[in-house]
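Trainee: Could we go through this model together before I write up my notes? I'd like to start with a helix and then move on to the strands.

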Amino acid sequence: MSDLQCAARLVIVTPRGLGDVKWLASQLYRERVQAVYAADDVPDTGPVETLAEDLGVPCHSSHGDLDDGTDAFQEVVDRHRGETVVVVRGGAATEPVLMLVDADGTSVHSLDEDV
């Protein structure tokens, strides 16, 4: 049976992916982002705060371990069903991705895909 709640839309970005915050903010203009979260493993929250300011949304720094499946990650998913948020966490990826999470599972897409 399908999940009756809307999926949480998480834009996953690593610190390396925050090299051009203005570009990223311009890519997210249609997403109606509600908040920006930064994991504890993000060494410099300056670009995270700048992204939140550019998007006009709250920034939640040092929000714990935001890797898939952790309690902090699940808390963000549960809080933002049907909404879009940005999650900045450690990793080597340079391109942001869109992760859709609901009770039926997780799917990952590029930002330029229509989903």
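Trainee: Which residues are buried in helix α3?
Mentor: In α3, which spans residues 71–79, the buried ones are Ala72, Phe73, Val76 and Val77, where buried means under 20% relative accessible area, exposed over 50% and partly exposed in between, with a 1.4 Å probe and protein chains only. Seen down the axis of α3, these buried residues fall within an arc of 140°, so they line one face of the helix; the arc is taken from the directions from the helix axis to the C-beta atoms. Helices (H or I, at least four residues) and strands (E, at least two) are DSSP runs numbered from the N terminus.

Trainee: And what covers the buried residues of α3?
Mentor: The cover includes the strands β1 (8–13), β2 (33–38), β4 (84–88) and β5 (97–102).

Trainee: Before I go on, what kind of model is this, and how are residues numbered?
Mentor: This is a predicted model, in which local features need pLDDT of at least 70 and side-chain atom pairs count only at pLDDT 80 or more, while totals for chains, interfaces and linings use all residues. Residues are numbered from 1 along each chain as its sequence is written, and side-chain values use heavy atoms, with hydrogens and water left out.

Trainee: OK, β4 then: how many of its residues are buried?
Mentor: Five of the five residues of β4 are buried, so the strand is largely enclosed by the rest of the structure. Both faces are covered, with Thr84, Val86 and Val88 buried on one side and Val85 and Val87 buried on the other.

Trainee: Which strands does β4 pair with?
Mentor: β4 runs parallel to β1, joined by five bridges, and pairs with β2 in the parallel sense over four bridges; pairing requires that DSSP finds at least two bridges between two strands. Valine 88 in β4 is the bridge partner of valine 13, and valine 86 in β4 stands opposite valine 36.

Trainee: What does threonine 84 touch?
Mentor: Leaving aside residues up to four places away in sequence, threonine 84 touches Arg9, Val11, Glu31, Arg32, Val33, Gln34 and Ala35, contact meaning heavy atoms within 4.5 Å. Threonine 84 has 4% relative accessibility and counts as buried.

Trainee: Switching topic, how many disulfides does the structure hold?
Mentor: The structure holds zero disulfides, a disulfide being a pair of cysteine sulfur atoms within 2.5 Å. Cysteine 6 is exposed, with a relative accessible area of 52%, and cysteine 59 is partly exposed, with 28%.
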